[in-house]
Amino acid sequence: MSFDNVELQLYTFFRSTSTARVRTAARLKGIPLSFVIVNVRKNDQFGEEFSRLNPNRTVPVLTVSPKNGGSREDLNFSIKQSVPILEYFEEAFPNTTPLLPPQTDLRGRAHVRDLVNVVACDIQPPTNRRILLSVQDLGGNLEAWAFKIMGEGLLAFEKMAKPLAGKYSYGDHLTLADVVLAPAVENAVRYGVDLEKLPTVKRVFETIRELDEFKAADWRHQEDTPAEEVHL
Ligand SMILES: N[C@@H](CCC(=O)N[C@@H](CS)C(=O)NCC(=O)O)C(=O)O
């Protein structure tokens with residue numbers, strides 16, 4: 001498939017780490033997206049229309065539709081989870097920069113997926129906004145909870161990545177592991193996680209955060225980023 005056949009629309013929020021993964025992969029692969037802003041802080045995700053699109057009421061959502069108003073059903077659907085969106089990009093646009101190691105390196109593919117899932121399954125879900133607010137409602141300390149889960153999760157990433165890391169999380173090629181890592185580190189630093197204790201994560205993060213594609217996709221550079229927050 002090529003981009004000539006489909007329109008891709010991403011429901012996004014500037015501060016969403018899950019959405020930043022998709023924005024970054026799209027930049028690295030040269031996949032054109034248009035954006036629909038869902039203001040998670042204003043609870044737009046719980047609105048009727050968005051809840052119909054994604055019953056899970058989270059961003060990102062990617063809608064795929066045929067260009068020029070065609071009606072092919074296989075080109076008319078939505079994906080409601082960030083990792084399936086990343087995998088869709090790999091499968092639908094095989095001629096773009098790959099973000100998984102090649103089929104000849106099954107060990108590497110499994111390893112990258114392990115790293116992706118440390119972030120996507122073990123760090124992000126228990127620190128999602130609605131969970132943090134529930135922790136607070138139950139009398140817990142939101143900041144301490146986020147600090148603990150992000151710190152422990154990134155320590156696991158560190159230990160797993162270290163033996164096979166190169167310039168990036170896996171060797172010297174950018175992969176989905178880097179794509180999910182960058183926004184997770186940005187967030188962890190906000191909650192006080194000390195990168196000095198995570199030397200591989202720190203080194204890789206300091207390299208990838210300077211790449212144009214990562215910068216363009218980060219929370220500072222989105223159309224819905226409030227100007228007053230950028231210096232924070
Ligand atoms: N597993 C989902 C997680 C999505 C998710 O939790 N998104 C957050 C923003 S990063 C969200 O929309 N939160 C809204 C809320 O907590 O109500 C994915 O990877 O897409």
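Guide: Let's start with F157: skip its neighbours within four places in sequence, and F157 is in contact with L115, V118, V119, S169, A177, L181 and V201 (contact means heavy atoms within 4.5 Å). Before we go on, this is a predicted model, so local features need pLDDT of at least 70 and side-chain atom pairs count only at pLDDT 80 or more, while totals for chains, interfaces and linings use all residues. Residues are numbered from 1 along each chain as its sequence is written, and side-chain values use heavy atoms, with hydrogens and water left out.

F157 belongs to the largest nonpolar core, which has 57 residues; L8, L33, L62, Y88, F89, F93 and F157 touch the most other members. Such a core is a set of buried Ala, Val, Leu, Ile, Met, Phe, Trp, Tyr and Cys residues joined through side-chain atoms within 4.5 Å. Buried means under 20% relative accessible area, exposed over 50%, and partly exposed in between (1.4 Å probe, protein chains only). Among the elements that each supply at least two residues of this core are β1, α3 and α6 (142–161), and α7 gives the most, with nine. Helices (H or I, at least four residues) and strands (E, at least two) are DSSP runs, numbered from the N terminus. There's also a second, separate core of nine residues, including F13, F14, F50 and W219.

Now zoom in on helix α3, residues 82–92, where eight of the eleven residues are buried: S82, V83, I85, L86, Y88, F89, E90 and A92. These buried residues pack against β1, α1, β3, β4, α4 and α7.

Next, the rings. The whole structure has six aromatic pairs; Phe, Tyr and Trp rings (the six-membered ring for Trp) pair if their centres lie within 6.5 Å, and planes under 30 degrees apart count as stacked, over 60 as edge-to-face and the rest as tilted. One of them is F77 with Y88, edge-to-face, at 5.7 Å centre to centre and 85 degrees between the planes. F77 lies in strand β4 and Y88 in helix α3, so this pair ties together parts that are eleven residues apart in sequence. F77 counts as partly exposed because its relative accessibility is 30%, whereas Y88 counts as buried at 11%. Y88 also pairs edge-to-face with F93, at 5.9 Å and 80 degrees, and both Y88 and F93 are buried.
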